[in-house]
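Visitor: I am new to this structure and would like to learn how to read it. Could you show me around, one feature at a time?

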Amino acid sequence: MRIDWNHYDPGSHFDELLAAAGQPRAAARGLAQYLRSLSDADLAARKAAAELAIVEMGITFTVYSEGQNIDRAWPFDIIPRVIPAREWTQVERGLRQRLTALNHFIDDIYGDQKIIRDKVFPADVLAQSKNFRPQCVGVRPAYGVWAHICGSDLVRDSDGTVYVLEDNLRVPSGVSYMLENRVVMKRVFPELFETQAILPVDAYPTQLFDTLAAISPRPLDYPQVAVLTPGIYNSAYFEHAFLAQRMGAELVEGGDLTVGDDDCVYMHTIRGLQRVDVIYRRVDDLFLDPEVFNPDSQLGVPGLMRAWHKGTVALANAPGAGVADDKVVYAYVPDMIRYYLGEDAIIPNVPTFLCHEPKSLDHVLANLDKLVVKPANESGGYGLLIGPHASRKERAEFATRLKADPRNYIAQPTLDLSTVPTLCDGRLEPRHVDLRPFVLQADKTHVTAGGLTRVALRKGSLVVNSSQGGGSKDTWIVAEADT
Amino acid sequence: MLSRVAERVYWMARYLERAENTARLVSVYANLLLDLPKGYTVGWHTLITITGIEEPFRKHYEQADERSVVRFLLTDAHNTSSVLSALAGARENVRTTRDLFPAEAWEAVNELHLFAREHALGGVNRSQRHDYLAQIVHGCQQLAGLLAGTLSHDAAYDFVRLGRNLERADMTTRILDVGVTTLQEQDDGAAALLSTLWINVLRSLSAYQMYRRHVRASVNGRDVSAFLLGDAQFPRSVRYCVDELDAALRRLPRSEAPLHRIAHISRLLTETDPRAIDREALHGFIDDLQLELGQVHDAIAGTWFPAPPG
């Protein structure tokens, strides 16, 4: 038996590959045709080959709760998601615009705070921000850029509109999986890459290195770049090691670094102390420097903030960049774009209710069964309420929490995420996806060609986090053939 | 190379060598007991003395009988030098430096540790002990070979050599010391028996065949001591290990302090002829060597490893 696209029913969702049953979208036509030519046994063999490659390449992610066996094979679906190049150009422009505005905002917030004086952004939202770091006021990072590496989550609703769901400006993860997914796909479907015009993604480590080198305080040909990891128990340790290796940077832990009397940062090597110019830190702000933040932290480096203030070392992302990562601040991004750039946002925000506004709070409380309510500063899908899927009791409990701390919550309508055909028990079935492109910014801006597509592997589920049973797919930006 | 990484690589090699040596030791000792005629008992407790774990052993066991000694040496988590503990240590050190080691090394150490854990009971039971220990030795050798063949022979490999040879030299002196002190206290009349004991000393270091090929003398205490201390070609002799340490140190930066210590040991080995001194003096000499090896470790740690916190 072969794949019969006439039997694939995306229902009322927007499907990324098919306009309707039996009708592949233009950019996906080559792929759909090719998949149809495979027998069931072929398809199963390719799936097995992909799984084997993942084990052999040691692509893993870490789960906290599993005792000793904390490394699990990366869950991957072999059917790629396809985005037409023409559409991607627009998204890419939108991301550049958004990140430029966000960096203006962060720079302004730690500088003159014009946006507050001009009453575009409310002072009390900032006053209650958990990720605003007073220790960063007055610092001027190179090019005015604070969020050098950003992973923004994009979703597509049933009418086909692409929205920004959130911006991850602290230590966004996933780019290593984007790169590894492509390597696996090339192994499993080499023939597809010959016939399709798929944009490559493998420039990322080079671009990341160039971005980091560009902010080096010392103008050197070979600045010393280090990736600072909290260590092997961190859920993203695979990625930290991967990126360090690909960039030829040193993978360091807090204990490997020391700040000298000259306020420069050094690492302990077998040759003695060696100066570090740029640190791509994958440690949260509050654990970066026990002298300034959490005094009990073993993860950070005493004196690191002092060195950063003096400008002897560059930190990416800059401490405090998370102030714009707040889901309440998110609601103001379209205003920021208008305020700093004089443009309208190219990619819209998901409509957002700010619970600290009394009217909105009333609306949210009255419609908890229809909305998704999210804490402003959590990441990874923790602590949120998906109204339509929650029990009456859960909603009542959540309402109490909401009323106690409305500033900490936003609410959004439940989106009907788009789907992509996904191999489930030997058949292709629609499964919901999102997309995390990565944006690099310093002297130049780079946007990945596509990004990490995460897929909810359970039928009907909207949860795409790998720690909660989600998987991923390769993402293709494909130039459409003229028709 | 980061100091922390150098330290982990060094300990990986030490733990691996320790696991292998301990497995060899138990294996040979079990055989030795089978060789001894009735009435001549060499207590299992000797193994505890050799490996220098008297204190933790006494804390957890009342009697030094076969079962408790073997269990303590092979699988007991209270003994940080037990085969299982050492393999866990090696595994942990590879795991935390995975970006440095070849991927096969991680898989191999993982498998070895898993095997040691799952079949631990087999090592304690007499009937399966031989197979179990042979597997452990085989796994350690496989890993050592894998590193020699697939890890770049750069600074990381030099730290592997340092860890391995220091641990190895230490074990050789310990085993030799058993021959010198305990075994010679047996009835002097039993010359044949003494020969059996020395043969087993050689066997526990896989040195019997090479001894026969290169020394061409009967197996006696003096010649065995001279061979295990001073032979320049046998990979488990103290002289060979010291030369290896010297070579690895010369390739590393800032190695003056540990090189200085190595030069001292080297001089001691050259100046002392084990055949020319009595048993008492030989025992003292071996004691000195052990202290010197400890100081080499301290010099290595002081030169390259991160300072302990606090």
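Guide: We will go from the interface to ring pairs, then salt bridges, and end with the backbone.

Guide: First, the ground rules. This is a predicted model, in which local features need pLDDT of at least 70 and side-chain atom pairs count only at pLDDT 80 or more, while totals for chains, interfaces and linings use all residues. Side-chain values use heavy atoms, with hydrogens and water left out; residues are numbered from 1 along each chain as its sequence is written, and chains are lettered from A and ligands numbered from 1 in the order in which they are written.

Visitor: How many residues of chain A are in contact with chain B?

Guide: Contact means heavy atoms within 4.5 Å. Here, 19 residues of chain A are in contact with 18 residues of chain B. Chain A and chain B bury about 1,600 Å² between them, with 47% of it on carbon and sulfur atoms.

Visitor: How many salt bridges are found across the interface of chain A and chain B?

Guide: A salt bridge is a side-chain nitrogen of Lys or Arg within 4 Å of a carboxyl oxygen of Asp or Glu. By that rule, three salt bridges cross the interface of chain A and chain B. One of them joins A:Glu253 to B:Arg8, whose closest N and O atoms are 3.8 Å apart.

Visitor: Which elements give two or more residues to the side of chain A that touches chain B?

Guide: Elements here are DSSP runs numbered from the N terminus: helices (H or I) have at least four residues and strands (E) at least two. On the side of chain A that touches chain B, the elements giving two or more residues are helix H9 (237–247), strand E9 (250–252) and strand E11 (265–269) of chain A.

Visitor: Now the rings, please. How many aromatic pairs does a search of the whole structure find?

Guide: Rings of Phe, Tyr and Trp (its six-membered ring) pair if their centres lie within 6.5 Å; planes under 30 degrees apart count as stacked, over 60 as edge-to-face and the rest as tilted. The search finds 26 aromatic pairs over all chains. Among them is the edge-to-face pair of A:Phe105 and A:Phe121, at 5.0 Å centre to centre with 65° between the planes. A:Phe105 lies in helix H3 (residues 85–109) of chain A and A:Phe121 in the loop between helix H4 (114–117) and helix H5 (123–127) of chain A, so this pair ties together parts that are 16 residues apart in sequence.

Visitor: Are A:Phe105 and A:Phe121 buried or exposed?

Guide: Buried means under 20% relative accessible area, exposed over 50%, and partly exposed in between (1.4 Å probe, protein chains only). Both A:Phe105 and A:Phe121 are buried. In chain B, the ring centres of B:Tyr211 and B:Phe227 are 5.5 Å apart and their planes stand at 85°, so that pair is edge-to-face. B:Tyr211 is in helix H11 (residues 208–215) of chain B and B:Phe227 in helix H12 (residues 221–230) of chain B. B:Tyr211 is buried at 0% relative accessible area, and B:Phe227 is buried at 3%.

Visitor: What about salt bridges within a chain?

Guide: Over all chains the count comes to 51 salt bridges. In chain A, the side chains of A:Arg281 and A:Asp285 meet at 2.8 Å, N to O. A:Arg281 is buried, with a relative accessible area of 2%, and A:Asp285 is buried too, at 5%.

Visitor: And which residues are linked in a network of salt bridges?

Guide: B:Glu17, B:Glu20, B:Arg24, B:Arg168 and B:Arg236 are. Within it, B:Glu17 and B:Arg236 have their closest N and O atoms 3.2 Å apart. B:Glu17 lies in helix H1 (residues 3–35) of chain B and B:Arg236 in the loop between H12 and helix H13 (238–251) of chain B, so the pair ties together parts that are 219 residues apart in sequence. Both B:Glu17 and B:Arg236 are buried.

Visitor: Last, the backbone. What should I look for?

Guide: Most residues other than glycine have a negative phi, and most peptide bonds are trans. In this model, the peptide bond from A:Ala316 to A:Asn317 is cis, with omega near -10°. A:Gln113 has a positive phi of about 55° although it is not a glycine, and A:Gln113 sits in the loop between H3 and H4 of chain A. B:Ser206 likewise has a positive phi, of about 50°, and B:Ser206 is partly exposed, with a relative accessible area of 41%.

Definitions and conventions. Buried area = accessible area lost by both parts, 1.4 Å probe.
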